[in-house]
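Please look over the sequence and the model shown here before reading on. The text after them is a short walk through the fold.

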Amino acid sequence: MTGDLVAFTGEMDRCWLERRFGDLSAYLAEDVIMVAPGGKQRLEGREASIESYREFMSRAEVTGFHSHGHVVTQRGATAVVEYDWDIGWNDQGTAHEASGRELLVLTRHDREWRVVWRTQLSA
């Protein structure tokens, strides 16, 4: 099961990296909450969350993304997936790099996992 949830997160990341924003619906719960580093931005709902990915990718050219160090904790129909990430991107001619930690809370309904909470922590 741990490997399945690590693969799930990788597939979800590929959706936004490949600009397949509509495919994110298969990974995000309708009432998902996303909290940006520092807790300064909080999005509620699948559509607002997908739009945040779309907005970032509309102005950024990702030059590299790597996730690693996955830790999965599962208790019944709830799972927490934590992992580190590194990203490089260009935005309006300026190169950026960042590292951080992702914390995803997932629930399972009818054998399907969905993210209900996502928090990014700055490194």
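The paragraphs below take the sheet, then the helices, then the core.

This is a predicted model, in which local features need pLDDT of at least 70 and side-chain atom pairs count only at pLDDT 80 or more, while totals for chains, interfaces and linings use all residues. Residues are numbered from 1 along each chain as its sequence is written, and side-chain values use heavy atoms, with hydrogens and water left out.

Six strands form an open sheet with mixed pairing, in the order E2-E1-E6-E5-E4-E3. Strands (E, at least two residues) and helices (H or I, at least four) are DSSP runs numbered from the N terminus, and two strands pair if DSSP finds at least two bridges between them. Strand E2 (42-44) and E3 are the edge strands, each with a single partner, so one side of each has no neighbour in the sheet. From one strand to the next the twist averages 15 degrees. E1 and E2 pair in the antiparallel sense over three bridges, and Val 35 stands opposite Arg 42 in E2.

Two helices lie across strands of this sheet. H1 lies across E1, E3, E4, E5 and E6, at about 155 degrees to E3. H2 lies across E1, E2, E3, E4 and E6, at about 60 degrees to E1. Angles run from 0 to 180 degrees between N-to-C directions, with axes fitted to C-alpha atoms, for helices over the stretch in contact; contact means heavy atoms within 4.5 Å.

The largest nonpolar core has 28 residues, and Leu 24, Leu 28, Leu 106 and Val 115 have the most contacts inside it. Such a core is a set of buried Ala, Val, Leu, Ile, Met, Phe, Trp, Tyr and Cys residues joined through side-chain atoms within 4.5 Å, where buried means under 20% relative accessible area (1.4 Å probe, protein chains only). E4 gives the most to this core, with six residues. Leaving aside neighbours within four places in sequence, Leu 24 is in contact with Met 12, Cys 15, Trp 16, Ile 50 and Tyr 53.

Terms used. Buried < 20%, exposed > 50% of the residue type's maximum accessible area, 1.4 Å probe, protein only.
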